[in-house]
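Subject: Model for you to look at

Hello,

Here is the structure I promised. Please open it first; my notes follow below.

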Amino acid sequence: MASGLSGNLLLVGKVLRPHGLGGLLRMRSYARSEASFIEASEVFLRPVLGEIHACKVLSATPHKNIVLVKLQGVNSLEEAEKLREAEVWVAAEAIPREEGEYFWHELIGLTVLQETGDYIGELARIIPVGGSEIYVVTSGKKEIFIPATYDVVKEINLKKGTMTISPMEGLLDLNEI
């Protein structure tokens, strides 16, 4: 968690620069979709210079590979320029999730086990691939790439800090080089 921010906040984007003269912001989104900004309704901006402050989200529209966001109280190029490079945070509880859906920060660090209980390693990072993800599990200097599918990942238990997998035939052997 970044210093100066308290509570259960998630980093969901970064303001790149203003868009036009009316206060629109070009934002790089780390969220699943632009709907996350609307669902949260309020974002917390941490500008490069200045204090953290909350803003109501009026609109969020996809535009090429970014999101155009309109915030209440940001109505001019000058006001938008003050937010260039600002981090954008939301309250975690403001983002709806379905059963079995997790934030990446909840998964990083989980102990990964086979269904037999055999230790595989620790979930070190996640690589987004199209509409799916690859879990990178480390054990010593070895990296194992696990597809994030229901066929492979059988259970995630955040309380125990574990992820249980049933590796497909040869999956763990492929990673032995």
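Start at V88. Leaving out residues up to four places away in sequence, V88 touches L10, L11, V12, G13, K14, V15, M27, F37, V43, F44 and L45. Contact here means heavy atoms within 4.5 Å.

Some ground rules. This is a predicted model: local features need pLDDT of at least 70, side-chain atom pairs count only at pLDDT 80 or more, and totals for chains, interfaces and linings use all residues. Residues are numbered from 1 along each chain as its sequence is written, and side-chain values use heavy atoms, with hydrogens and water left out.

Next, the cores. A nonpolar core is a set of buried Ala, Val, Leu, Ile, Met, Phe, Trp, Tyr and Cys residues joined through side-chain atoms within 4.5 Å. Buried means under 20% relative accessible area (1.4 Å probe, protein chains only). The largest core has 25 residues, and F37, V43, L71 and V88 touch the most other members. Another core, of 15 residues, lies apart from it; L110, I146, V152 and M163 are among them.

Now strand β3, residues 42-46. Strands are DSSP runs of E, at least two residues, numbered from the N terminus. V43 and L45 make up the covered face of β3; E42, F44 and R46 make up the uncovered one.

Strands pair if DSSP finds at least two bridges between them. β3 runs antiparallel to β4 (residues 53-63), with four bridges. L45 stands opposite H53 there. Six residues separate the two strands in a hairpin, and G50 in the turn has a positive phi of about 115°. β3 also pairs with β6 (residues 87-91), antiparallel, over three bridges. There, F44 stands opposite W89.

Best wishes

Technical notes
Buried < 20%, exposed > 50% of the residue type's maximum accessible area, 1.4 Å probe, protein only.
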